[in-house]
Amino acid sequence: MVASGATAQSLCDLLEASTRRHGDRTALVSPDGSATSYAQLEQHASAIAAFLRESGVEPGDRIGLCLPKGAASVAVLWGAMKARAAYVPVDWQGPAARNAAIQRDAGVRVLFLGEARADVLREWPQATALPTLVRVPMGRTGAAGAFAAVVAPFPAAAIEWSAVLRHPPLAPDGAGPRGREQLAYILYTSGSTGVPKGVALTHGNALAFVDWASEVFAPTPDDRFSSHAPFHFDLSVFDLFVALKHGATLVLIGEELGKEPKGLARCIAEQKLTFWYSTPSALALLAEFGQLAAHDLSALRHVLFAGEVFPLPALRRLTEQLPRPAFWNLYGPTETNVCTFARIPLPIAPDRTRPFPIGPLCAHCDGLVLDEARREVAVGGEGRLHIAGPALFAGYFGRPDLDTTVFFERGGRRWYDTGDVVREVAGEGFHYLGRRDRMVKRRGYRIELGEVEAALQRHPELREAAVVALPDAACGVRIDAHVVAVAAPLSLIALKRFCAEQLPAAMSPDRFVFHPQLPRTSTAKVDYPALLRVSSGGGAP
Amino acid sequence: MDEIANELRRFLLAEFLPGESAANLRDDTPLRTGGILDSVSTLKFVAFVEQRFGIEIEAHETGVRDFDCIADVAALVQRKRGR
């Protein structure tokens, strides 16, 4: 019998229950192949929690992680939650300035930093005190980002990882009473003004989703889950907490392997994975480059995808190569996690061209389709999907101004405007139609085009920059940057390098178009429709 | 070796850097850490190299440390063809 989320007050209750039942079983397989048992994970997490308490961390504080995926990063996030603090993960290979901006925005008390990333610390302004630092060894991860050339020294005051783990474990109630309303983690996503925004989620939010997933997918301790998504991406919530709630094994896929389809196919076979969850982009690459036929993938029971629309030809190719598992299309923004779901009926008819629906609402979510004036739209009509229920996030961290733009009250309940335009079809649930703002999805990542523009506008040799996104057969969505150089056109190589230093890889423009000046509307605003015509080949720059 | 490097350069310029001057894409220009190739374009580049030079490149040979510039890739091609 698995602990019901209905009685759990915290995600930590789930890990502790699994440890009591399955202490000797393998909780984690690290990217280097080493195994961590439930008892070891619980012990490390409790030692980290004790260290955090000793360092003055109070309930409600934030703990930062800039670490590669591995047993250490998993132990840190559990340790943070056991201390009743919220964990704040970032893309450890991401630009230093962006990572530092996120950790500063969250006001982290303690930062667990991979030893190769001391360059992140240079981005703290002198006036702001650095958080308490823990230096975490990374071993050979086989990975390096745009920071590869930067070797920054660690401050002498940094605490060694091994010293943290020597703390005697904190008891489950050692940080005071747990409650579902307490923050568990803050996931930062692209912000339209150039500043990432922190989606703050509570233990109750996560437990509502985890319990729903338990009901639908009924995992067992014999299951082996993939952990493909990085921890700052909300797909990881399923991997981390559903797998460990059920005493199953979570196979951590490192950042480099995650991008390498041939190696991923081998990993699914060798690790005998039963659950796979990732973006459609990763699965499409697996179908195209993974040589799936060369492997025995018969253990796989469920393939879940979320984060973007799965282009039908790629989905068909994948399901033809993997006819056994059930395929599930999950939909939901980070603010709610998954709120609709649908199983893909197989085989996919060869003449089908219509995308699959995102499906009906999950049992723990309520939904409304509303028009611009917030009037309810009848089944069959177009409108924006609004969600209510226990999975609804607490708010944007430190940004009540943003909260007022997405929340409203109706019938005594709080509703969230997803911004996603949908149509409900009787018997099928919702169909996703798109968005009316400047947010796009690429490789599962939410990208505010305004954030890309803000980064380009920081380039000293660019006078102006405007960015458009358009559909692309090869990569789903292409991002074109239209720019005006101060003097002569810049080297493309130099521009791309600048972007790699400023933006996560998924946000870097694919193409640059130089203009003497940007086209303007009669009200002197950038004429985006004109730029889109240029991008799609309908007009000269 | 120079011929291999030039062939790689021609492909990279045509495919990922249209309009860029060949002189700016040096043998040691970082391709991955410099933002020229992302994860998807890296796969395309690997597929091109395999096909054009008739070699098989293993996953562990395409890590960022060993596969980040034209010189790295040209050396890998030469090593593989020499076998």
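Which residue takes a positive phi in the hairpin of β1(A) and β2(A)? The residue is A:Gly33, whose phi lies near 95°, and the hairpin has five residues between its strands. Helices (H or I, at least four residues) and strands (E, at least two) are DSSP runs numbered from the N terminus, and two strands are said to pair if DSSP finds at least two bridges between them.

The model is predicted: local features need pLDDT of at least 70 and side-chain atom pairs count only at pLDDT 80 or more, whereas totals for chains, interfaces and linings use all residues. Residues are numbered from 1 along each chain as its sequence is written, and chains are lettered from A in the order in which they are written.

**Strand pairing around β1(A)**

| Partner of β1(A) | Sense and bridges | A bridge pair |
|---|---|---|
| β2(A), residues 35–37 | antiparallel, three bridges | A:Val29 with A:Ala35 |
| β11(A), residues 249–252 | parallel, two bridges | A:Leu28 with A:Leu250 |

In a regular strand, side chains alternate between the two faces of the sheet.

**Chain A as a whole**

Chain A contains 15 helices and 26 strands. Its radius of gyration, taken over C-alpha atoms, is 23 Å, close to the 24 Å that the globule rule (2.2 Å times the number of residues to the power 0.38) gives for 541 residues, so chain A is as compact as a globular protein of that length. The C-alpha trace spans about 65 × 60 × 55 Å along its principal axes. Buried residues, those with 20 or more other C-beta atoms within 10 Å of their own C-beta (placed from the backbone), make up 52% of the 541 residues. Of the contacts in chain A with a separation of 6 or more, 68% join residues 24 or more positions apart, a contact requiring C-beta atoms, placed from the backbone, within 7 Å.

**A:Cys365**

A:Cys365 is found in the loop between β15 (340–343) and β16 (366–370) of chain A, and it counts as buried because it has 23 C-beta neighbours inside 10 Å. Leaving aside residues up to four places away in sequence, A:Cys365 touches A:Thr336, A:Cys339, A:Ile387, A:Gly389 and A:Ala391.

**The contact with chain B**

The contact takes 24 residues from chain A and 19 residues from chain B. On the side of chain A that touches chain B, α9 (261–270), α10 (280–289) and α14 (492–502) each supply at least two residues, and α14(A) gives the most, with six residues.

Note on methods:
Contact = placed C-beta atoms within 7 Å. Buried ≥ 20, exposed ≤ 12 C-beta atoms within 10 Å, placed from the backbone.
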